[in-house]
Amino acid sequence: MGCQEICRWVGRKMVDLCARTGRVVNLFLEACRAAGTADRREVLRQMARLGADSLPIVSMTILCTGMVMSVQTAKEFVRFGAADSVGGIVAIAMGRELSPILTGVVVAGRIGAAIAAEIGTMKVTEQIDALRVMAVSPIRFLVTPRLLAIVLMMPVLVVYANLVGDVGGWFVAENYAGISSHMFLESIRGFIEPWDIIGGLIKGAVFGAIIATIGCHKGLNAQQGAEGVGMATTKSVVLSIILISSWRGCAYWMMFFLAGLKGIDLSVYESAKMDGSGFFSTLFRITIPLLKNTSLFVLVANTTANFLLFAPVQI
């Protein structure tokens with residue numbers, strides 16, 4: 001295969017990817033336009049079904065994550081004389097990254113698959129065609145309530161996950177590393193900033209919109225038969241997780257790229273009050289310039305990975 005054939009194949013894939021992405025974006029915009037006319041009772045029912053019923057699996061996942069986070073950090077921090085930093089480190093990690101990301105992955109596996117399977121079954125059994133015959137918009141009737149429900153419930157799940165993760169970290173820190181409850185809580189109060197929580201809530205809402213949109217899109221475009229519904233369900237989960245990871249990577253690349261090339265002060269790291277022992281200030285002085293200098297590499301790597309992953313999944 002020559003260079004011309006490779007370029008032609010890449011071009012076809014990119015055009016097809018853009019077309020499929022455009023259909024997903026159109027579905028999302030149409031669902032947003034119909035938000036004002038959505039059935040409130042249906043939205044509340046979906047919030048209970050898609051959000052509240054996810055609490056047990058979110059609790060188990062995040063509790064274990066908080067405990068593991070504390071296990072990996074508590075002993076080492078105590079050894080270096082930084083025991084009063086464990087609570088803050090766990091809280092910041094949970095609030096900024098672990099809670100929204102893991103909650104998004106769990107919800108994508110549980111809720112995204114359920115949405116794709118439900119709507120895909122309705123598509124295969126021609127129930128969606130029946131809605132169109134009765135002059136009922138499938139987007140307003142099916143997509144919008146689920147989109148609103150997940151977008152509203154994901155921040156709630158993230159807040160709950162933060163609490164559960166901090167409780168798991170506190171339990172391990174006190175019983176495994178001998179860190180008192182007072183020291184753990186004071187560390188959280190001293191380290192945590194409002195944006196650490198607000199940023200996680202924003203991520204949760206974005207992840208919820210991704211999960212709902214992809215699940216509904218895959219369901220509405222499911223092929224005939226049980227195999228088609230199964231393929232739609234699988235692709236919905238895989239693509240949702242890929243988009244969640246890609247969105248996170250792009251957000252971090254933009255932050256470091258702008259900070260490195262536009263000269264923006266990264267005072268957000270200083271506000272975390274991690275420079276009390278000297279160890280953390282040295283760590284950040286070394287790592288932040290490194291991350292800024294590698295921002296272009298991250299962009300190229302992230303774009304390449306997205307293309308290679310999206311091509312076989314087919315939005």
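**Entry 1: H1 against H8**

I started at a crossing: H1 and H8 cross in a right-handed way (a crossing is right-handed if the near helix is turned clockwise from the far one by less than a right angle, left-handed if anticlockwise). Helices here are DSSP runs of H or I with at least four residues, strands are runs of E with at least two, and both are numbered from the N terminus.

Before going on, I noted that this is a predicted model, where local features need pLDDT of at least 70 and side-chain atom pairs count only at pLDDT 80 or more, while totals for chains, interfaces and linings use all residues. Residues are numbered from 1 along each chain as its sequence is written, and side-chain values use heavy atoms, with hydrogens and water left out.

Back to the pair. I found that the axes of H1 and H8 come within 10 Å and cross at roughly 110 degrees. Axes are lines fitted to C-alpha atoms, for helices over the stretch in contact, with angles from 0 to 180 degrees between N-to-C directions. H1 and H8 are therefore roughly perpendicular to each other (65 to 115 degrees; under 35 is roughly parallel, over 145 roughly antiparallel, the rest oblique).

Which residues in H1 and H8 meet? From H1 I listed Arg23, Val24, Leu27 and Phe28, and from H8 Ala209, Thr213, Ile214, Cys216, His217 and Leu220. Contact means heavy atoms within 4.5 Å. The residues of this contact divide into seven nonpolar, two polar and one charged.

**Entry 2: the whole chain**

I counted twelve helices and zero strands in the chain. Of its 315 residues, 42% count as buried (under 20% relative accessible area; exposed is over 50%, partly exposed in between, with a 1.4 Å probe and protein chains only). Among contacts between residues at least 6 apart in sequence, 85% join residues at least 24 apart.

**Entry 3: the cores**

Next I looked up the nonpolar cores, sets of buried Ala, Val, Leu, Ile, Met, Phe, Trp, Tyr and Cys residues joined through side-chain atoms within 4.5 Å. The largest has 35 residues, and Ile115, Val143 and Ile150 touch the most other members. The elements giving two or more residues to this core include H1 (3–33), H4 (86–124), H6 (138–176) and H8 (194–220). H6 gives the most, with nine residues.

I then followed Val143: leaving out residues up to four places away in sequence, Val143 touches Leu27, Ala31, Pro138, Cys216 and Leu220. A second, separate core has 18 residues, among them Ala83, Val86, Ala173 and Ile188.

Gln46 sits in H2 (residues 40–50), and at 0% relative accessibility Gln46 counts as buried. Beyond four places in sequence, Gln46 is in contact with Gly51, Pro145, Arg146 and Ala149.

Lys218 is in H8 and is buried too, with a relative accessible area of 7%. I also noted 9.3 Å between the C-alpha atoms of Lys218 and Thr234, which are 16 residues apart along the chain.

**Entry 4: two loop residues**

Glu126 is in the loop between H4 and H5, and its phi is near 65 degrees, a positive value in a residue other than glycine. Is Glu126 buried or exposed? Glu126 is exposed, at 53% relative accessible area.

Ala135, in the loop between H5 and H6, has a positive phi near 65 degrees as well. Ala135 counts as exposed, at 70% relative accessibility.

Note on methods: Nonpolar A, V, L, I, M, F, W, Y, C, P; charged D, E, K, R; others polar.
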